[in-house]
Amino acid sequence: MTQTKKLLTGDEAVARGAWEAGVKVAAAYPGTPSTEILENIAHYDEIYAEWSPNEKVALEVAGNAAIAGVRAIASMKHVGLNVAADPLMTLSYTGIGRGLVIVSADDPGMHSSQNEQDNRYYAKFAKIPMLEPADSQEALDMTMEAFEISETFDTPVLIVLTTRVCHGKSPVIIGERTEVETKPFIRTTAKYVMVPGHARKRHVIVEERSIKLSELSEKIRFNRIIRGKGEIGIITSGVASQYAMEVMPDADFLLLGMTWPLPENLIRTFAASVKKLFVVEELEPYLEEHIRQLGIEVTGKEVFPRCDELNPELVRQGLTGEKPSPSRIPADIPIPVRPPVLCPGCPHRGFFHIVNKNKLYVTGDIGCYTLSVLPPLKAMDTCICMGASISGAIGFSKAFEDQPGKRVIAVLGDSTFMHSGLTGLMDTVYNKSKVITCVLDNRTTAMTGHQEHPGTGFTIKGEPTHAVDIAEVARALGVRHVHVVDPYNLEETDKAVKACMELDEPSVIVAKRACALKCRNQDFALSVVNQAQCKKCGACLKIGCPAIVKKGDVIMVDKGMCYGCGICRQVCPFGAIEAIE
């Protein structure tokens, strides 16, 4: 039989694996490095795909589709699994009808995340099996196998990827789709309705299932030994196994692809066959802790870093003690400095200028607007997690009650508002907080690459749909003072902020203007500095627009970068920045 090979990323391979496995429902919330899984699934007509408002909803959609009888998958980044942890823990008890696979894409090194958690612990916590691909082929193979395990053992299956597997490309043998019949849903309240009396009985079944899964882990093909010289033994998983095999090809390897439950007998057998044993893994000593609990001496995190991503040089140093030789150290090639900054023409810039002008404290949220924390804007005081801005502002406002003059504003994006801002806003009304909430509505999920959400009016497949109106939602939740402003209009925005600051009750500002990267064809007039009128006060530099540059003593506008938003023209106190006719 002729095999078809394609070069796929890990995310693309998971999507392909889901399609080949006969998946019919897929749901996700975008988040790096997981976003491309659903974006690729959406290309398959046989699969219903949706961007859900958040990860909890995504898992509930996929989980209940599986209970109802079709194969389903939910994908998210690592912090997203925190949001979805509530249904995850109970879906472990209910089990599934058809296969249910949950993909967590972890982000070692925090390339685009607020923490560096190791989600492998979730599998043990939820008592569900876990697979950990090391490359794109395994990403596809394990996705397909995960559905078989899910249905054989009546359990959700967790697949944990990391950034280098998600975004790295490697050859993959692809196959055809297997159509899987819809399994009739049979009403079984003792299995699917988790009232305490039912849940107590299901917990016993979960524990019995764990024993059976341990037996599977001993023999599954993804847990395998590769023999070397018998001197050095390395137990490893995920992308770390690629680094370890590259650095020490003559060592003995126990490669673990199913990393919960762990194959205790296989580990004992392997450990007894080598003279010195290492564990090579990214982030936490997850494998190491379990192996030590078996009474096995092992070298791990005392020689490998616990923070950030691994790479071959770090693994080499840990295994051999060798310092990287100059020939292996990347050349010091100068590259252009590109500090993180809001884009030219970003509509958020004008809003944060007004926030600073009014000396407000800002509880922020997760999105590209978080970049406002950087100089010269420095317009954000906290950023904890998705949806924490409004509830954080409630806390600040309570703390400021005996400090007159201190006012706080919660700032979050439109997609984040849909994700988890609603409950916080509801709380401001219910508990009579005087928090000002601003939704920076740029009509997209900009941070992760312009995905649709319930407010944009389009689905992931480009189909028109109802667009949720944020201002109307705020009014429906009980907010009496709602302003919709154009953040390019500084006077209008300032007027709205000041009006809200006068109130002793909750208020909402919707700063509505589409992301500049999505609307490059706007017919705006570009800006230019009239050098004869410029007093070099630097007011325009304080808005942090990359298009405004200072060379020596001269301030000018880079026409190649100018978007024409006109914010700089409004902040110049001397009228020295003019529109080009």
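The buried residues of helix H10 pack against helix H5 (85–94), helix H7 (136–153), helix H9 (189–192), strand E9 (223–226) and strand E12 (258–260). This is a predicted model, in which local features need pLDDT of at least 70 and side-chain atom pairs count only at pLDDT 80 or more, while totals for chains, interfaces and linings use all residues. Residues are numbered from 1 along each chain as its sequence is written, and side-chain values use heavy atoms, with hydrogens and water left out.

**Helix H10**

- Helices (H or I, at least four residues) and strands (E, at least two) are DSSP runs numbered from the N terminus.
- The buried set in H10 is Ala 199, Arg 202, Val 206, Arg 209, Ser 210, Leu 213, Leu 216 and Ser 217; buried means under 20% relative accessible area, exposed over 50%, and partly exposed in between (1.4 Å probe, protein chains only).
- An α-helix has 3.6 residues a turn, so residues three or four places apart point the same way.
- H10 covers residues 196–219, and its 24 residues should span 34 Å at 1.5 Å a residue, which agrees with the 35 Å between its end C-alpha atoms; the expected span is 1.5 Å times one less than the number of residues.

**Aromatic rings**

- The whole structure contains ten aromatic pairs; rings of Phe, Tyr and Trp (its six-membered ring) pair if their centres lie within 6.5 Å, with planes under 30 degrees apart counted as stacked, over 60 as edge-to-face and the rest as tilted.
- One of these pairs is Phe 185 with Tyr 192, which is tilted, at 5.9 Å centre to centre and 35° between the planes.
- Phe 185 is partly exposed, at a relative accessible area of 43%.
- Tyr 488 and Phe 524 make an edge-to-face pair, with 6.0 Å between centres and 80° between the planes.
- That pair links distant parts of the chain, 36 residues apart: Tyr 488 is in the loop between strand E17 (481–485) and helix H19 (490–501), and Phe 524 is in the loop between strand E18 (507–512) and strand E19 (527–529).
- Tyr 488 is buried, with a relative accessible area of 5%, whereas Phe 524 is partly exposed at 25%.
- Tyr 361, Phe 396 and Phe 400 are joined into a cluster by ring pairs.

**Largest pocket**

- The largest pocket holds about 630 Å³ of space; on a 1 Å grid over the protein atoms alone, a pocket is an open set of points with protein on both sides within 12 Å along at least five of seven lines, a cavity is a set where a 1.4 Å probe fits but cannot get out, and lining residues have an atom within 4 Å of a point.
- Its lining has 39 residues, of which Gln 114, Ile 366, Gly 367, Met 386 and Met 447 are the closest to the centre.
- Helix H4 (78–83) and helix H17 (414–430) are the elements that give two or more residues to this lining, and H17 gives the most, with five.

- The largest cavity has a volume of about 120 Å³; grid points are joined across faces, edges and corners, and a volume is the space filled by probe spheres set on the points.
- The largest cavity is lined by 14 residues, with Asp 118, Arg 120, Glu 132, Thr 162 and Glu 282 nearest its centre.
- H11 supplies the largest share of that lining, three residues.
- Ser 241 lies in helix H11 (residues 238–247) and is buried, at 6% relative accessibility.

Terms used:
Contact means heavy atoms within 4.5 Å.
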